[in-house]
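Look over the fold and its side chains. The notes below take up charge pairs, the nonpolar core and a few individual residues.

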Amino acid sequence: FYEPLRLYSAGDRLTRARVWMGDREDVSLGLAEDLNVTIPRRQYDRLKARTEIRPQLQAPLGKGKKVGDVIIELDGEEVARRPLVAG
């Protein structure tokens, strides 16, 4: 059996990143859309989330601009990948 899960909602701040040449030192990063996955039941604790962010983000960074990815893995296998965007 499988269960659907909402891991993150659109607009949730997932992390922050340094921005070069801007009026602020860093920017909030999140998702433009909800991130839902369907996994085998009772496997939630085995999920791992990681981010891949472009190195040296440079201003101007408009809201919603893709700066990397959020990757969700279950036992080392990728189950979802979504764009990570500036907030």
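What follows is a short report on side-chain contacts in this model.

## Model and salt bridges

The model is predicted. A search of the whole structure turns up nine salt bridges. One of them joins the side chains of Asp 26 and Arg 16, with N to O at 2.9 Å. That pair links distant parts of the chain. Asp 26 is in strand β3 (residues 26–30), Arg 16 is in strand β2 (residues 13–20), and the two are ten residues apart.

Which residues form salt bridges with Arg 81? Glu 52 is one partner, and the closest N and O atoms of that pair are 3.4 Å apart. Glu 52 lies in strand β5 (residues 47–53) and Arg 81 in strand β8 (residues 77–86), so this bridge ties together parts that are 29 residues apart in sequence. Glu 52 is partly exposed, at 34% relative accessibility. Arg 81 is partly exposed too, with a relative accessible area of 34%.

Asp 69 is another partner of Arg 81, with the closest N and O atoms 3.5 Å apart. Here the link runs from Arg 81 in strand β8 to Asp 69 in strand β7 (residues 66–74), twelve residues apart. Asp 69 has a relative accessible area of 15%, so Asp 69 is buried. Shared partners extend the set: salt bridges join Arg 50, Glu 52, Lys 66, Asp 69, Glu 73, Glu 78 and Arg 81 into one network.

## Glu 73 in the network

Glu 73 belongs to that network. Its place is in strand β7. Glu 73 is buried because its relative accessible area is 18%, which falls under the 20% cut-off. The side chain of Glu 73 makes a polar contact with the side chain of Arg 50, at 3.3 Å.

Which residues does Glu 73 touch, leaving aside neighbours within four places in sequence? They are Arg 46, Leu 47, Lys 48, Arg 50, Glu 78 and Val 79. Arg 50 and Glu 78 from this list are also members of the salt-bridge network.

## Nonpolar core

In soluble globular proteins, nonpolar side chains tend to be buried together. The largest nonpolar core here has 20 residues. Within this core, Leu 7, Leu 35, Val 37, Leu 47 and Ile 72 touch the most other members. Strands β1 (2–8), β2, β3, β4 (35–40), β7 and β8 each supply at least two residues. Strand β7 gives the largest share, four residues.

Ile 72 has contacts with Leu 7, Tyr 8, Leu 35, Leu 47, Lys 48, Ala 49, Glu 77, Glu 78, Val 79 and Ala 80. That list does not count residues up to four places away in sequence.

## Aromatic rings

How many aromatic pairs does the structure hold? The number is zero. A charge does sit over a ring, though: Arg 18 lies over the face of Trp 20, at 4.4 Å from the ring centre.

## Glu 3 and Arg 41

Glu 3 is in strand β1. Not counting residues up to four places away in sequence, Glu 3 touches Val 37, Thr 38, Ile 39, Pro 40, Arg 41, Arg 42 and Gln 43. The Glu 3 side chain reaches the backbone nitrogen of Arg 42 at 3.1 Å. Glu 3 and Leu 61 are 58 residues apart along the chain, and their C-alpha atoms are separated by 36 Å.

Arg 41, one of the residues touched by Glu 3, sits in the loop between β4 and β5. Arg 41 has a relative accessible area of 41%, so Arg 41 is partly exposed. Where does Arg 41 make contact, leaving aside neighbours within four places in sequence? The contacts are with Phe 1, Tyr 2 and Glu 3. Arg 41 and Pro 4 are 37 residues apart in sequence, and their C-alpha atoms are 8.9 Å apart in space.

Notes: Residues are numbered from 1 along each chain as its sequence is written. This is a predicted model: local features need pLDDT of at least 70, side-chain atom pairs count only at pLDDT 80 or more; totals for chains, interfaces and linings use all residues. Side-chain values use heavy atoms; hydrogens and water are left out. A salt bridge is a side-chain nitrogen of Lys or Arg within 4 Å of a carboxyl oxygen of Asp or Glu. Buried means under 20% relative accessible area, exposed over 50%, partly exposed in between (1.4 Å probe, protein chains only). Rings of Phe, Tyr and Trp (its six-membered ring) pair if their centres lie within 6.5 Å; planes under 30 degrees apart count as stacked, over 60 as edge-to-face and the rest as tilted. A charge sits over a ring if NZ of Lys or CZ of Arg is within 6 Å of the ring centre and within 35 degrees of the ring normal. A nonpolar core is a set of buried Ala, Val, Leu, Ile, Met, Phe, Trp, Tyr and Cys residues joined through side-chain atoms within 4.5 Å. Contact means heavy atoms within 4.5 Å. A polar contact is a pair of N or O atoms within 3.5 Å; within protein, one must be able to donate a hydrogen and the other to accept it, and residues adjacent in sequence count only if both atoms are side-chain atoms.
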